[in-house]
Amino acid sequence: MRSIAPWARAYILCVALAGAACAVPAPGAHTPWAALALLAALYAGCEQITRCRAIGRRAGAPAGGLGTFFPVLLAAVFLLPPAAAALVAVPGALLARVERRPRWVRRLWRASQLALAAWAAAWTHGALGGRDAVAAPDFPYALVPAGAAVLAFSVVLTALDGGILATAERVPVRSAWRGLFLRSFAPVAVHGLAGLMMAVLWRSPYGPLAALLVLLPMGVSCWVFAQYHRERAAHQATIRALVQAVDIKDRYTRGHSERVGRASVMIARELGMADERVESLRFAGILHDVGKLGVPTRLLRKDGPLTPEERRVIELHPEYGHEMVRGIGFLGEARAAILHHHERIDGSGYPYGLVGRQIPEFARVVAVADAFDAMTSTRSYRRGRPVAAAVAELSRCAGAQFDPVMVAALRRALDRHGWHPAVTSDTGEVPGPREEAPGVPAAPGTAPR
């Protein structure tokens, strides 16, 4: 949003005006200013705390990427009239730390968006008699208006987020709203339950002080969530550093590792693997050639045939790679794929000549993905093969070099999603050892890759 398009400016202005209108109390309405001020201060404080370095940069951000801490805001929805609930969101949003520019526009947008969502949720909750149910408290009936309010809150956020993506980020209209609601509703619903607990305790004889106790487990859960994402970010940084090191050393196949990871994920999803295994398999595909870091650069970039001795040195790269990642615990099964991705079903592969099911499943997936990208990628000495030709070659070698199950899974995935290979070497780059397609004999002495 550094350069705000006219349509985006108009959209943000309209949302801001609508948010301001929602925050104006209705004539004759009783506004509980003391409760409003306390909840607004509490919400603003929670927003600042969840940005604390000790907790995590965005510890309170729900999984859907909403970037805020909703229990207090939703408690206001359940306790206050619509206009008052809308006002609760404003100070916290305006005081929030914003890293990207223009900061004031982003603060205004977030304050307006949350004010509209809180107003709609509070109006829905009140229309269904929710505030009386909270005051009683009347369970399980109180869950019905609370659930409707959470739904309204999520719908408004989704609608406004999609609009800003379409106008400010220039995302195509047909895809701007795709998946937004499903990603936002689950975390908002969880925060809504905490907000309902706060509202019930607030209205109980124990008062607002007891309601604050609800924030303690939510704070702990946010801290755990932040640690998980910090660890995940560290994993991603580790993988990225290793891949960049390989790309620098073997610039001839730049981008190959990322595409092998993507093809491996396509196969994994066709096989119905769990998400945790799919992620681990993606790491396996990306890091399958990390052992090249242990191979002399002159061999990787050699233009022309390799001697048998040089070929044997390059064939050590799976073992080098396995040794490099042996101590990286989060890779799990990916380590076996790095070691065995050059094994063949008929036992003629390396480094150990494993046969059939002796080869780990991840290695059999990566072997197919690796060969597929090698055939379809354009190199400096040849153009990439068409996808259909590459799949035909994989099918021809299935049962001897490749696992037929993995080849069939890749074929189904390609039929469903297609494939868009990219050039992996610059036009003027000096080619390294050839990476030939499976089943096609390489020139004598060239390197297996």
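## Helices α12 and α13

The crossing of α12 and α13 is right-handed, a label that applies when the near helix is turned clockwise from the far one by less than a right angle, left-handed being the anticlockwise case. In this predicted model, local features need pLDDT of at least 70 and side-chain atom pairs count only at pLDDT 80 or more, whereas totals for chains, interfaces and linings use all residues. Residues are numbered from 1 along each chain as its sequence is written, and side-chain values use heavy atoms, with hydrogens and water left out.

Helix α12 spans residues 256-270 and helix α13 residues 275-287, and their axes come within 7 Å and cross at roughly 150°; axes are lines fitted to C-alpha atoms, for helices over the stretch in contact, with angles running from 0 to 180 degrees between N-to-C directions. The two helices α12 and α13 are therefore roughly antiparallel to each other, the term for angles over 145 degrees. On the α12 side, Ser257, Glu258, Val260, Gly261, Ser264, Val265, Ala268 and Arg269 meet Asp275, Val278, Leu281, Arg282, Gly285 and Ile286 of α13, where contact means heavy atoms within 4.5 Å. By class, this contact of α12 with α13 has 6 nonpolar, 4 polar and 4 charged residues; Ala, Val, Leu, Ile, Met, Phe, Trp, Tyr, Cys and Pro count as nonpolar, Asp, Glu, Lys and Arg as charged, and the others, Gly among them, as polar.

## Helices α1 and α7

Helix α1 (residues 6-22) packs with helix α7 (residues 143-167) at an angle of about 155°, their axes lying 8 Å apart, and α1 and α7 are therefore roughly antiparallel to each other. The crossing in which α1 passes α7 is left-handed. From α1, Trp7, Ala8, Tyr11, Ile12 and Val15 meet Ala159, Leu160, Gly163, Ile164 and Thr167 in α7, and the residues of this contact divide into 8 nonpolar, 2 polar and no charged.

## Thr376 in helix α18

Thr376 has its place in helix α18, which covers residues 361-376. Its relative accessibility is 4%, so Thr376 counts as buried, the cut-off for which is under 20% relative accessible area with a 1.4 Å probe and protein chains only. The side chain of Thr376 reaches the backbone oxygen of Phe372 at 2.9 Å.

## The protein as a whole

The secondary structure comes to 20 helices and 0 strands, where helices (H or I, at least four residues) and strands (E, at least two) are DSSP runs numbered from the N terminus. Of the 449 residues of the protein, 50% count as buried. Among contacts with a separation of 6 or more, residues 24 or more positions apart account for 72%.

Note on methods. Parallel < 35°, antiparallel > 145°, perpendicular 65-115°, else oblique. Polar contact = N/O pair within 3.5 Å; in protein donor to acceptor, adjacent residues only side chain to side chain.
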